[in-house]
Amino acid sequence: MITLYDYLPSQNAYKVRLLLNQLNRPYRTEYVSIFEGEGQSEAYLKANPMGAVPAIRLEDGFFIAESNAILTYLAEGSRFLPDDPVARAKVMQWLFFESDYIQNGAASLRYWALTGKLSSRGAELVGQRSETALRTLRVLDRELAERPFLAGQEYTIADISVFAYMHRADEAGLPLAQYGNVVAWIRRVMDQPNFVSKVYPYSIDPHSQGEL
């Protein structure tokens with residue numbers, strides 16, 4: 001059985017939790033309080049050199065870190081990751097899109113807003129991240145007008161990865177409701193079998209250094 005290194009406030013860890021549930025794959029959980037410094041322990045840095053979550057430990061003791069790499073590994077051979085090279089490349093396209101534009105836009109803005117750090121980041125930096133986030137929403141809305149899911153007609157890990165932050169875009173101060181195709185897609189994702197919502201019971205420490 002694999003072990004998931006998790007922290008409930010983390011949207012990146014939520015991606016993995018959601019896929020595992022939709023795969024009906026059993027796993028054990030070890031919680032890593034990254035905001036309290038547990039991610040920097042010598043033991044955990046073997047799992048993820050950056051000290052972030054998520055990471056997984058396989059049955060043979062091998063570690064995999066970074067949420068999109070974990071999604072790709074877990075989805076291998078399942079309906080969530082196509083075998084066809086072109087269809088697979090389209091899924092990977094959206095995983096790279098998420099790690100570049102969403103992490104550097106909506107994800108950062110949401111984290112700063114929820115931890116009270118937005119005012120200390122400087123108008124120019126916030127403006128740059130806001131423009132990236134709005135551009136991302138425009139791209140998603142245009143693309144999702146053409147098809148039900150990001151990589152085509154079927155729900156894949158591309159949707160799981162992008163959904164994790166984008167369904168929380170309003171928490172980043174973004175006008176999510178104005179992007180009807182994105183909102184409709186969010187509903188389609190939430191209607192998938194074995195969907196689990198992300199609920200975190202912890203308050204968010206404004207002095208934390210990690211991303212949510």
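A nonpolar core is a set of buried Ala, Val, Leu, Ile, Met, Phe, Trp, Tyr and Cys residues joined through side-chain atoms within 4.5 Å. I note at the outset that this is a predicted model.

**Entry 1: the core**

With that definition I looked up the largest nonpolar core, which has 65 residues. Leu140, Ile157, Met166, Val182 and Trp185 have the most contacts inside this core. I then checked which element gives the most to the core, and it is α4, with 10 residues. In soluble globular proteins, nonpolar side chains tend to be buried together.

I took isoleucine 157 for a contact list. Not counting residues up to four places away in sequence, Ile157 touches Leu19, Leu71, Thr72, Ala75, Phe80, Leu81, Val91 and Leu95.

**Entry 2: helix α5**

I went next to helix α5, which runs over residues 123-143 and has 21 residues. From first C-alpha to last, α5 reaches 30 Å, close to the 30 Å expected at 1.5 Å a residue.

Which residues of α5 are buried? I found Val126, Ala133, Thr136, Leu137, Val139, Leu140 and Asp141. An α-helix has 3.6 residues a turn, so residues three or four places apart point the same way. I also looked up what covers the buried residues of α5, and the cover includes α4 (85-114), α6 (157-166) and α7 (180-190).

Lysine 15 lies in helix α1, residues 11-23. Is lysine 15 buried or exposed? Its relative accessibility is 0%, so lysine 15 counts as buried, the cut-off for buried being under 20%.

The side chain of lysine 15 makes a polar contact of 3.0 Å with the side chain of asparagine 12. Leaving aside neighbours within four places in sequence, I listed Ser67, Asn68, Leu71, Glu98, Gln103, Ile160, Ser161 and Ala164 as contacts of lysine 15.

I then computed the geometry of the helix pair. The axes of α1 and α4 cross at roughly 120° and come within 12 Å. That angle makes α1 oblique to α4. On the α1 side the contact is made by Gln11, Asn12 and Lys15, and on the α4 side by Glu98, Gln103 and Arg110.

**Entry 3: aspartate 6**

Aspartate 6 lies in strand β1, residues 2-6. I read a relative accessibility of 1%, so aspartate 6 counts as buried. With neighbours within four places in sequence left aside, aspartate 6 is in contact with Ala13, Arg17, Thr29, Glu30, Tyr31, Val32 and Val53.

I also looked up one C-alpha separation. Aspartate 6 and glutamate 59 are 53 residues apart along the chain, and their C-alpha atoms are separated by 17 Å.

**Entry 4: backbone angles in loops**

Which peptide bond did I note as cis? The bond from valine 53 to proline 54 is cis, with omega near 5°. Proline 54 lies in the loop between α2 (42-45) and β3 (55-57). Val53 is also among the contacts of aspartate 6.

I noted asparagine 24 for its phi near 55°, a positive value in a residue other than glycine. Asparagine 24 is in the loop between α1 and β2 (27-31). At 58% relative accessibility, asparagine 24 counts as exposed.

Glutamate 66, also not a glycine, has a positive phi, near 75°. I placed glutamate 66 in the loop between β4 (63-65) and α3 (67-75). Its relative accessibility is 49%, so glutamate 66 counts as partly exposed, since exposed requires over 50%.

Conventions:
Residues numbered from 1 in each chain as written. Predicted model: local features only at pLDDT ≥ 70, side-chain atom pairs only at ≥ 80, totals over all residues. Heavy atoms only, no water. Helix = DSSP H or I, 4+ residues; strand = E, 2+ residues; numbered from the N terminus. Expected span 1.5 Å × (residues − 1). Buried < 20%, exposed > 50% of the residue type's maximum accessible area, 1.4 Å probe, protein only. Contact = heavy atoms within 4.5 Å. Polar contact = N/O pair within 3.5 Å; in protein donor to acceptor, adjacent residues only side chain to side chain. Axes fitted to C-alpha atoms, helices over the stretch in contact; angles between N-to-C directions. Parallel < 35°, antiparallel > 145°, perpendicular 65-115°, else oblique.
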